[in-house]
Amino acid sequence: MMGRVVTMRTHLSCLAQLLKGNMAQERAISVCLAHGNTHKLSSIHATSKLSTKKLKSFVFPFKDLEPYLVKNTNKVNFEIFAPSFEDIAAAEQFFTPSRKHIIDYFTSAIRIGHAPVTSLPEVCFIGRSNVGKSSLIKSLFSLVPGMEVRVSKNPGHTKKMNFFKVGKAFTVVDMPGYGYRAPSDFVEMVEIYLQARQNLKRTFLLLDSSIGIQETDQIAIEMCEEFGIPYVIILTKIDRPQQGNLLKVIMDVQEVIEKKTQGCFPQLFLVSSLNYSGIHLLRCFIAHITGKLQINEETSTSSCEK
């Protein structure tokens, strides 16, 4: 499903050293910080100021919940993609603009025939209306000064496929929400895109962590399975539910992934667009699956143990 995965994390004590050692990354990140971010932790560079415990749970949110798992629970599928902080910092460069790396809204389309023709690898985000798609994309691009990603308090705001170009690296697509107030031509628009888009590398299916899989979500999962496309499930708004309720939803969704899917990546991604928890890991995953970042297996497993 993925060419290469990493099974061990670099020791958290290496974060400051790894970031300091890459001056090019620091300069690019500091430029963005100078323009002002929407959140003080939107850059991985800023997280080096956190305590080890907070940093661990911030970048890898599932770590906070591990102590509450039933004894002997198999945790392998929760830690399949576990890059080093060096990898995460390298991935952040793709989400940091420069004069030669322009990141911006590109265009919108109401049907596949209107979608831009491009050879760049693409990732798209789908989910129920009001699941937090636009908010998540906004947090991914929080290092881009002046980046406009419309976020509405009313469900069903996104009516078109919105394309965001990340330099010459890849494209991010915000799809219309399904369910409540979905566009009347949602099926024609989204299903044809998922089936026909040759440069689509991964589809991200968003679920609300407060309620888990709903009937419309189950239909979306079945659609992805029927089309045979690789997809990933993301649980959004993890800052809202209590830990016990969140863990129950996680385990329920994980069971569905393990027992009822073939094309779904085994690992869930947990994110909060409010406090940026899990965002840095997701950025790294996107850079990796689009072929722009090769995970450094050596630094991910042993570099800081020497």
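Predicted model: local features only at pLDDT ≥ 70, side-chain atom pairs only at ≥ 80, totals over all residues.
Which residues of α8 are buried? They are Asp217, Ala220, Ile221, Met223, Cys224 and Phe227. Seen down the axis of α8, these residues fall within an arc of 155 degrees, so they line one face of the helix. The other side of α8 has exposed residues: Glu215, Ile219 and Glu226.

An α-helix has 3.6 residues a turn, so residues three or four places apart point the same way.

After α8 comes Gly228, and the phi of Gly228 is positive, near 70 degrees.

## Helix α7

Now take α7, which covers residues 186–196. Its buried residues are Phe186, Met189, Val190, Tyr193 and Leu194. Down the axis of α7, they fall within an arc of 105 degrees, so they line one face of the helix.

What covers that face? The cover of the buried residues of α7 includes the strands β1 (103–109), β2 (122–127), β3 (161–166), β4 (170–174) and β5 (200–208). Helix α8 (215–227) is also part of this cover.

## Strand β4, an enclosed strand

How many of the residues of β4 are buried? The count is 5 of the 5, so the strand is largely enclosed by the rest of the structure. Both faces of β4 are covered. Phe170, Val172 and Asp174 are buried on one side. Thr171 and Val173 are buried on the other.

β4 pairs with β2 and with β3. The strands β2 and β4 run parallel, joined by 4 bridges. Here Glu122 has Thr171 of β4 as its bridge partner. The strands β3 and β4 run antiparallel, joined by 5 bridges. Asn162 stands opposite Asp174 in β4. The hairpin of β3 and β4 has 3 residues between the strands, and Gly167 in this hairpin takes a positive phi near 55 degrees.

## Two nonpolar cores

In soluble globular proteins, nonpolar side chains tend to be buried together. The largest nonpolar core in this model has 50 residues. Which of its members touch the most other members? They are Phe125, Phe141 and Phe204. Helix α10 (residues 279–289) gives the most to this core, with 8 residues.

Leaving aside residues up to four places away in sequence, Phe141 touches Phe95, Ile103, Met147, Phe164, Val166 and Val172. One of these, Val172, is a buried residue of β4. Another core, of 40 residues, lies apart from the largest one. Its members include Leu65, Leu69, Cys264 and Leu270.

Cys264 shows why. The closest cysteine sulfur to that of Cys264 is in Cys224, at 8.4 Å, too far for a bond. A disulfide would need the two sulfur atoms within 2.5 Å.

Cys264 counts as buried, at 3% relative accessibility. Cys284 is buried as well, with a relative accessible area of 0%.

## Two residues with positive phi

Asn72 is not a glycine, yet its phi is positive, about 75 degrees. Asn72 lies in the loop between α4 (52–59) and α5 (85–92). Is Asn72 buried or exposed? At 75% relative accessibility, Asn72 counts as exposed.

Lys237 also has a positive phi without being a glycine, about 60 degrees. Its place is in the loop between β6 (231–236) and α9 (243–260). Lys237 counts as buried, at 15% relative accessibility, because the cut-off for buried is under 20%.

## The whole chain

The protein chain holds 11 helices and 7 strands. Of its 306 residues, 54% count as buried.

Contacts tell a further part of the story. Take the contacts in the protein chain with a separation of 6 or more: residues 24 or more positions apart account for 78% of them.

Notes: Residues numbered from 1 in each chain as written. Heavy atoms only, no water. Buried < 20%, exposed > 50% of the residue type's maximum accessible area, 1.4 Å probe, protein only. Arc of directions from axis to C-beta. Contact = heavy atoms within 4.5 Å. Core = buried A, V, L, I, M, F, W, Y, C linked by side-chain atoms within 4.5 Å. Pairing = 2+ DSSP bridges.
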